[in-house]
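Morning, everyone. I have one model to go through, and I will keep it short.

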Amino acid sequence: MPTRQIGWNVGEIAFAVMYVLVAVQALVLGYAFTRRYLMWRRGRDYAPIDRIGERVRQTLAVALLHRRLIRPGYRYAGVMHLFIFWGFVVLFIGTIIVLLEADIARPYFGFSFYQGTFYVVYKLVINLFGLLFLIGLLMAAYRRYAQHLPKFRRSLSDDAIVLAILLFLGVTGFLLEALRLSATRDAAAPIHWVAYPLTLVLNGADPSVLAAAHTLTWWSHMLANTALLVYIPVSKLAHIFTGPTNVFLRATDARAALPLIANIEEQEHFGAARVTDFNWKQLVNFDACMRCGRCLDFCPTFNTGKPLKPRQLIVEVGAYMNRQAGLLAGPAGPRVDEAGVRGHELVAPDEPRLAQVPRVAELIGDVVSEDELWDCTTCRACMEQCPVRIEHVPLIVEMRRNLVLEQSRFPQELVSLFNNLERNANPYSFPASTRADWAAAAGVQELAAVADPGELELIYWVGCMSSFDARNQRVANALAKILKTAEVKFAILGKEESCVGDPARRAGNEYLYQLLAQTNIERLNQYQPKRVVASCPHCFNTLKNEYPQLGGSYEVVHHSQLIQGLIDSGRLKVPAATLRDGFAYHDPCYLGRYNEVYDEPREVLNSVRGGFVELPRCRDRGFCCGAGGARAFMEEKRGTRISHNRLNEAIGAQASGVAVACPFCVTMFEDGVRALNVEERFAVRDIAEIVAEAL
Amino acid sequence: MIGRVPKRRLFDRGRPEAILGAALVTLVGIALTSFGVFTHTPPAVAPGATLALLGGAWLGNSLARRMPLEAG
Amino acid sequence: MDIVVTVKQVPDPDIPPTHFKVDEAASKVIPPAGVAPVMNGYDANALEAALRLKEQLGGKVTVVSLGGDSARDTLKRAIAMGADAAVHINDPSLNEADSTTTARALAAAIKKLDHFDLILSGRQASDTDGGQVHLGIATHLGLPAVSPIQKIDDASADSLTVERIIEDGYQRLKVRLPALLGVSSEMNEPRYPPLKGIMAAGRAQIPVWTAADLGLDGVAPRVVLRRLYVETREAKVELIQADSLSEAGTKLADKLREARLV
């Protein structure tokens with residue numbers, strides 16, 4: 001009857017110590033996570049946690065099925081982590097099974113299940129998962145230290161320690177099995193199929209030597225296990241608990257809208273200047289990071305050598321926050337309540353001998369630099385890839401809000417942006433009265449001049465760029481032509497249209513955004529449009545996802561969706577596409593990642609051009625053009641140019657041009673094409689222009 | 001559970017009574033397991049281990065609540 | 001250091017000139033509809049300079065403006081940026097006055113204020129480009145005036161050092177206070193008002209003074225506007241006909257000499 005003697009060769013003292021160590025581990029984990037919890041709770045209030053069921057499902061899907069971990073581009077890493085995770089979990093369950101057998105089933109119920117068929121299956125499975133565990137760890141070590149990925153160029157000792165402890169545990173686990181099997185000449189040795197080869201090697205040795213080695217290995221395995229558990233709260237392994245917590249807490253419907261500052265005129269304090277200004281869900285964000293670096297892979301600033309590296313921002317603020325929590329302070333360390341804190345050194349303000357020590361570290365300036373905050377294009381590549389759903393962009397905007405609304409400290413270029421938005425309702429210095437000049441020539445009507453607005457199918461929201469910028473007026477004209485050809489009754493707001501406020505909002509000027517938004521919402525509510533179509537994804541996103549916060553809910557589509565709908569329904573007849581002329585398609589961030597509109601523009605290109613070139617970094621992994629986050633209105637002084645990086649990718653993919661669906665992308669790429677001197681062989685076209693040309 | 005007020009326990013938040021209570025439970029748990037191990041009385045182990053685990057966690061929690069956090 | 005800053009509200013200088021209309025009969029400029037007037041750019045520089053001096057040395061910044069009802073918005077903007085108080089001179093007999101009268105009115109208003117160490121003005125207004133008012137104020141108040149300046153250094157309660165812009169460089173002058181300085185745009189970049197400032201400005205009380213308050217009844221203008229019009233210019237292009245480039249060059253040189261251009 002296959003079974004094993006539980007606790008063979010393990011003395012009573014060892015077991016007694018083991019249970020003491022259990023208490024110690026529980027104490028350390030209880031202490032450390034309570035400190036973290038207390039730190040989180042110092043943040044501001046967070047909306048009530050709703051839809052518990054959905055949250056639980058999401059969390060389980062991520063944790064158990066690794067839904068966000070195994071995805072295109074990350075198959076190796078996802079499977080690697082799957083092995084480590086399930087390996088450890090199953091091994092842990094194995095320990096529980098032994099506990100159940102020895103401490104519950106036998107003493108209380110007088111029966112034993114840890115034998116026979118159960119035992120055989122158990123051993124086969126445990127060996128499999130132990131092996132997968134080790135394979136996963138070796139895959140991880142290879143990935144971090146041998147693959148030379150840019151994001152792992154600077155690894156910390158923490159990374160090595162974690163791998164080392166886990167590998168040690170895995171190896172000693174098998175070693176224990178082999179030593180016992182060998183020393184006891186266990187006939188059932190082959191079912192321990194991974195340890196079996198090692199058993200054969202050990203079989204010649206003296207049983208008392210094997211027993212001594214077993215004792216040593218047993219103790220070191222237990223101590224390593226203790227070391228692991230007490231190391232969890234102060235290492236990246238904390239993500240075991242904080243990661244799922246963060247996934248559970250993430251806002252389920254906040255795909256695209258920034259949080260609203262309600263009653264802005266009555267607020268005294270704006271944005272985040274201190275860690276406690278964030279709400280407590282955002283503080284959990286900072287703790288959930290385990291430095292995988294996926295946020296860096298498609299980040300436009302990391303990949304062009306700029307100061308902003310999302311992982312670094314999260315890790316540094318997380319460390320700053322944890323030092324404030326005095327994670328390692330407490331009964332064993334100095335008190336924190338009367339002293340100022342700089343980094344992790346505690347400073348008594350009145351002690352003369354410490355007079356030279358600098359002041360308390362500030363969040364913005366010392367921990368996070370202003371350059372980092374202004375670098376961000378708000379493209380969401382970081383948030384999209386993060387396995388534990390850290391939301392980097394709202395954190396950055398929150399700090400921008402403090403700089404703009406409270407401290408009035410921001411890049412000089414934004415002063416003209418804000419002034420222009422205030423005076424002219426557009427980011428440029430063109431008078432608002434000239435907003436509809438392009439339409440007059442194109443024969444497009446302004447709503448004010450339409451006799452019966454109820455007859456209109458839709459309002460075309462032109463946006464500032466297509467209204468004023470010569471290059472993008474061509475897109476507006478193209479879309480107007482398409483709509484006329486498809487006999488769609490539409491009009492534009494013209495002079496009654498103001499900037500939707502997106503650049504102001506992303507730059508942190510929530511007040512100016514709300515002023516602009518309220519003006520627009522009043523006008524739109526007067527006209528009560530059936531449908532609004534926008535040719536700019538920023539307008540599209542703000543109108544669709546952010547205006548509802550202020551009372552403006554409309555049915556909004558992007559022009560690529562509209563055109564695809566017109567083609568599909570037959571209202572727009574395009575000639576059969578014959579040649580593929582090798583245009584690449586670039587996913588605009590605010591259309592793709594923000595609103596998951598990936599397919600419609602591609603279908604349009606397929607209908608009209610017979611195909612397109614899919615770039616390596618496409619869809620949710622698309623690489624930003626560099627204009628979002630009000631960066632289009634700031635100069636790119638640091639690092640290399642984001643738009644050039646993207647253009648080089650397209651040129652490298654042998655494309656003869658790039659098809660886009662956003663006026664900012666058009667502008668950035670047109671400038672880039674000129675700067676790279678490839679005007680002769682590389683074109684930039686909006687989808688509307690491509691379709692209009694084909695008509 | 002995050003978001004819900006922690007259950008009111010017998011003793012409250014970081015007060016010396018809580019720490020003593022937690023320490024006591026932990027020690028009882030350790031005593032039980034040691035007793036179970038050394039006198040070969042298996043039924044004592046499971047309850048002892050449970051008390052040691054929960055007591056240890058509670059003790060850690062109480063100690064953590066005792067230290068105030070840094071301002072701002 | 002208590003500072004007075006004079007500001008003027010002008011039509012937005014970023015509006016393309018072609019958008020302006022001139023009513024020749026009334027000799028008035030009509031700015032395009034729907035574009036709000038703004039604080040004169042140089043005055044914003046002056047205000048920014050004043051605010052920086054206040055941050056450095058303490059004291060109070062008071063803003064004074066002569067203009068119609070809409071000038072109140074400019075004064076509010078000044079308060080939002082950080083000015084402590086504002087005074088609005090609003091009287092139909094003064095609002096459209098010439099430089100001399102404007103200078104007299106502003107000087108009279110400044111005399112009514114408690115105390116000042118320094119007056120900062122923009123070097124000129126971007127609509128009239130006269131550049132006379134601030135010098136007139138200094139004359140009426142008996143103050144030394146230095147204009148246009150691009151930098152202020154070594155500021156103290158009694159004096160400061162300025163860089164005054166001249167045609168091919170600048171002069172460094174030490175100015176004893178009280179004095180008046182005409183500020184140019186090279187000086188600084190005016191700040192964007194923080195939200196708290198905007199909220200405070202909304203609540204601010206701004207006293208309004210009339211010509212009677214200033215003791216200026218019946219003031220006659222020294223300058224009379226005869227005619228206001230937009231000059232139409234025609235461009236004529238004459239192509240020099242010649243068989244070779246060198247012949248064309250010779251002919252062109254002859255033409256230029258005939259027209260007494262060389």
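This is a predicted model: local features need pLDDT of at least 70, side-chain atom pairs count only at pLDDT 80 or more; totals for chains, interfaces and linings use all residues.

Residues are numbered from 1 along each chain as its sequence is written, chains are lettered from A and ligands numbered from 1 in the order in which they are written, and side-chain values use heavy atoms, with hydrogens and water left out.

Chain A has 26 helices and ten strands; these are DSSP runs, helices being H or I with at least four residues and strands E with at least two, numbered from the N terminus. The C-alpha trace of chain A spans about 100 × 75 × 50 Å along its principal axes. Of the 695 residues in chain A, 57% are buried, meaning under 20% relative accessible area with a 1.4 Å probe, protein chains only. Take contacts, heavy atoms within 4.5 Å, between residues at least 6 apart in sequence: in chain A, 79% of them join residues at least 24 apart.

Now the pair. Helix H22 of chain A covers residues 559–568, helix H23 of chain A covers residues 599–609, and they pack at about 45° with their axes 8 Å apart. Axes are lines fitted to C-alpha atoms over the stretch in contact, and angles run from 0 to 180 degrees between N-to-C directions. H22(A) and H23(A) are therefore oblique to each other, the class left after under 35 degrees (roughly parallel), over 145 (roughly antiparallel) and 65 to 115 (roughly perpendicular).

Which residues in H22(A) meet H23(A)? They are A:Ser560, A:Gln561, A:Ile563, A:Gln564 and A:Ile567.

Terms used. Buried means under 20% relative accessible area, exposed over 50%, partly exposed in between (1.4 Å probe, protein chains only).
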